[in-house]
Amino acid sequence: MSPVRIGVLGCGRIGRMHAELIHRRVPGAEVAAVYDVVDSASAALAEDLGVPRASMPGRVFEADDVDAVAICTSTHTHIDLLTAAAEAGKAAFVEKPLALDLADVDRGIAAAEAAGIPVQVGFNRRFDPSHRYVRQRVAGGDLGDVHLVRVSSRDPEPPPLRYLDESGGIFCDMTIHDFDMIRFITGSEVAEVYATGGVLIDDAIKDAGDLDTAVIVCTHDNGAISAIDNSRQAVYGYDQRVEAFGSAGMAASDNPLTATAVARTADGFHGPTLPYFFLERYIPSYLAEWAAFVAVAEGAPSPVTLADGRAPLVIGLAAWRSVRERRPVHISEIG
């Protein structure tokens, strides 16, 4: 069977990572072309991979030797590029968030559905083996009725301040992964959101209108309650943990370490650190994500649909309203 030939749109840190994984480590896939608004970025990646560089995105969509596209560009461009993929009849992988405006999201969904193209949204944590184990225990009924889900999500350092201006803020950029996880783990939609937060790390984040520390409590349609805690600065590394507690037990995922060695001395136990950032922490999940997309491009159902991409944005917008109005917000208030 011929490989799925993927055109990668966006050659920044995320796009470059995706392109390198596809081209070098994902069976049944290859990068057919790359594009970025910054010519030097696409030129460098094209040279590294030995693939063609497109001078504009339309060249990727029009190419007969491109079967699918990976949309890894800035958030504000996602929907227009998804719409172009729909018009070209190309399968599409779209990074999160789909957009920061629900009207734009719905426009992209309508275009993709009208064209009938396969689409997978880039919520890679669903493919992490440890997080998936928790989901499997819940789905298999091993924990009985799920009562509580807890997610801790803490970055090792804040993003550049210039990034915050276009990110949609902590809830639509960082916590959006956690909103996806609580839907994934519980198998139930979120009905109500209560969020609180502050700026405890860098006052410049407050000046940008954002938060760096937050706690969000969500009530699900099935009655389960999820609690998420976020920090933009965990000095000990990239901290990502999930726990599900139910009437018959609990299941939890923990962080991998950079090594499995341990030292025991008179002073106590000493071990290696956590991976410092997502590129080290989640490579296995990214590989599994791309293996899934290859199957989607070949006709398999999408494991992360456009509806799965929309729902966490709605929760994020509800969280922002909750913080600003200091009250619980029902999802129906957002749309």
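Helices (H or I, at least four residues) and strands (E, at least two) are DSSP runs, numbered from the N terminus. This is a predicted model, where local features need pLDDT of at least 70, side-chain atom pairs count only at pLDDT 80 or more, and totals for chains, interfaces and linings use all residues. Residues are numbered from 1 along each chain as its sequence is written, and side-chain values use heavy atoms, with hydrogens and water left out.

**View 1. The parallel sheet has 5 strands.** The sheet is open, and its order is β2-β1-β3-β4-β5. Two strands pair if DSSP finds at least two bridges between them. β2 and β5 (119–122) are the edge strands, each pairing on one side only. From one strand to the next, the twist averages 20 degrees. Axes are lines fitted to C-alpha atoms, for helices over the stretch in contact; angles run from 0 to 180 degrees between N-to-C directions. Helix α12 (residues 283–297) lies across β1, β2, β3, β4 and β5. Its direction is about 165 degrees to that of β5. Contact means heavy atoms within 4.5 Å.

**View 2. Strand β1 (residues 4–9) pairs with β2 in the parallel sense.** The pairing runs over 6 bridges. Tyr 35 in β2 is the bridge partner of Leu 9. From β1 the chain passes through helix α1 (residues 13–25) to β2, a right-handed β-α-β crossover. Right-handed means that, with the strands pointing away from the viewer, the path from the first strand over the helix to the second runs clockwise. Strand β2 (residues 29–35) is mostly covered, with 6 of its 7 residues buried. Buried means under 20% relative accessible area, exposed over 50%, and partly exposed in between (1.4 Å probe, protein chains only).

**View 3. His 78 sits in helix α4 (residues 78–88).** His 78 is buried, with a relative accessible area of 0%. Leaving aside neighbours within four places in sequence, its contacts are Ile 71, Thr 73, Val 94, Glu 95, Lys 96, Pro 97 and Leu 98. Leu 98 is 20 residues from His 78 along the chain, and their C-alpha atoms are separated by 6.1 Å. Two of these contacts, Ile 71 and Val 94, stand opposite each other. Val 94 belongs to β4. Strands β3 (residues 68–71) and β4 (residues 91–95) pair in the parallel sense over 4 bridges. Pro 97 lies in the loop between β4 and α5. The peptide bond from Lys 96 to Pro 97 is cis, with omega near -20 degrees.

**View 4. Helix α4 packs against helix α5 (residues 102–115).** Their axes come within 8 Å and cross at roughly 10 degrees. That makes α4 roughly parallel to α5. Angles under 35 degrees count as roughly parallel, over 145 as roughly antiparallel, 65 to 115 as roughly perpendicular and the rest as oblique. On the α4 side, the contact is made by Ile 79, Asp 80, Leu 82, Thr 83 and Ala 86. Residues of α5 in the contact include Asp 104, Val 105, Arg 107 and Gly 108.

**View 5. The mixed sheet has 7 strands.** β11 (249–253) and β14 (329–330) are its edge strands, each pairing on one side only. Strand β7 (residues 190–198) and β14 run antiparallel, joined by 2 bridges. Val 193 stands opposite Val 329 in β14. Helix α6 (residues 129–139) packs on the sheet, touching β6 (146–154), β10 (239–246) and β11. The α6 direction makes about 160 degrees with that of β11. Helix α9 (residues 175–186) lies across β6, β7, β8 (213–220), β9 (225–231) and β10. It runs at about 155 degrees to β9.

**View 6. The largest nonpolar core has 69 residues.** A nonpolar core is a set of buried Ala, Val, Leu, Ile, Met, Phe, Trp, Tyr and Cys residues joined through side-chain atoms within 4.5 Å. Among the residues with the most contacts inside this core are Val 69, Leu 82, Phe 171 and Val 193. Helix α13 (residues 306–325) gives the largest share, 8 residues. Phe 171 touches residues including Phe 179, Ile 216, Ala 319, Trp 320 and Val 323, not counting residues up to four places away in sequence. Apart from this core lies another, of 32 residues, among them Met 17, Ala 19, Ile 283 and Phe 293.

**View 7. Arg 326 lies in the loop between α13 and β14.** Arg 326 is not a glycine, yet its phi is positive, about 55 degrees. Arg 326 is exposed, with a relative accessible area of 77%.
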